[in-house]
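Welcome to my notebook. I had a structure to look through today, and here is what I looked up.

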Amino acid sequence: QVQLVESGGGLVQAGGSLSLSCAGSGRTFGSIAMGWFRQAPGKEREFVAAITWSGGTTYYADSVKGRFTISRDNAKNTVYLQMNSLKFEDTAVYYCAATSRAAQSMRVAPADYWGQGTQVTVSS
């Protein structure tokens, strides 16, 4: 199994930046695809970003492309989400996720493992 714990959420002004971290445990962490999802009140969960097990390829939702960057450090068992130029509509609970399938599949398929979520609030 893989256990995931997010951190770094908080309140930030529109146009600002915030960095999220996801600490993982499990011997298979370094060989599993990782990603981030978010869910705003009254809205469905949506895909944000994903990264392959090696960190060589990344995928982004159109809504965050050019503003968010996903990365991972397998030596530290950690995946990151750097968020820049934040908008009010980015406000949501952000969830770290992992899948045994290909990273690209996270755009359309449920993940196998989930963190507890961390709140990101962007003020206008």
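I started with the neighbours of Arg 38. Leaving aside residues up to four places away in sequence, Arg 38 touches Glu 44, Arg 45, Glu 46, Val 48, Ser 63, Val 64, Phe 68, Glu 89, Asp 90, Ala 92, Val 93 and Tyr 94, where contact means heavy atoms within 4.5 Å.

A note on the source: I am reading a predicted model, in which local features need pLDDT of at least 70 and side-chain atom pairs count only at pLDDT 80 or more, while totals for chains, interfaces and linings use all residues. Residues are numbered from 1 along each chain as its sequence is written, and side-chain values use heavy atoms, with hydrogens and water left out.

Next I asked where Arg 38 is found. I located Arg 38 in strand 4 (residues 33–39); strands are DSSP runs of E, at least two residues long, numbered from the N terminus.

Is Arg 38 buried or exposed? I found a relative accessible area of 5% for Arg 38, so this residue is buried (under 20% relative accessible area, with a 1.4 Å probe and protein chains only; exposed is over 50%).

I noted one with the side chain of Asp 90 at 2.9 Å, and another with the side chain of Tyr 94 at 2.9 Å.

Last, I looked for disulfides (cysteine sulfur atoms within 2.5 Å). My search of the whole structure gave 1 disulfide. Cys 22 and Cys 96 form a disulfide, with sulfur atoms 2.1 Å apart. I see that the pair links distant parts of the chain, 74 residues apart: Cys 22 lies in strand 3 (residues 18–25) and Cys 96 in strand 9 (residues 92–99). Both Cys 22 and Cys 96 are buried.

Terms used:
Helix = DSSP H or I, 4+ residues; strand = E, 2+ residues; numbered from the N terminus. Polar contact = N/O pair within 3.5 Å; in protein donor to acceptor, adjacent residues only side chain to side chain.
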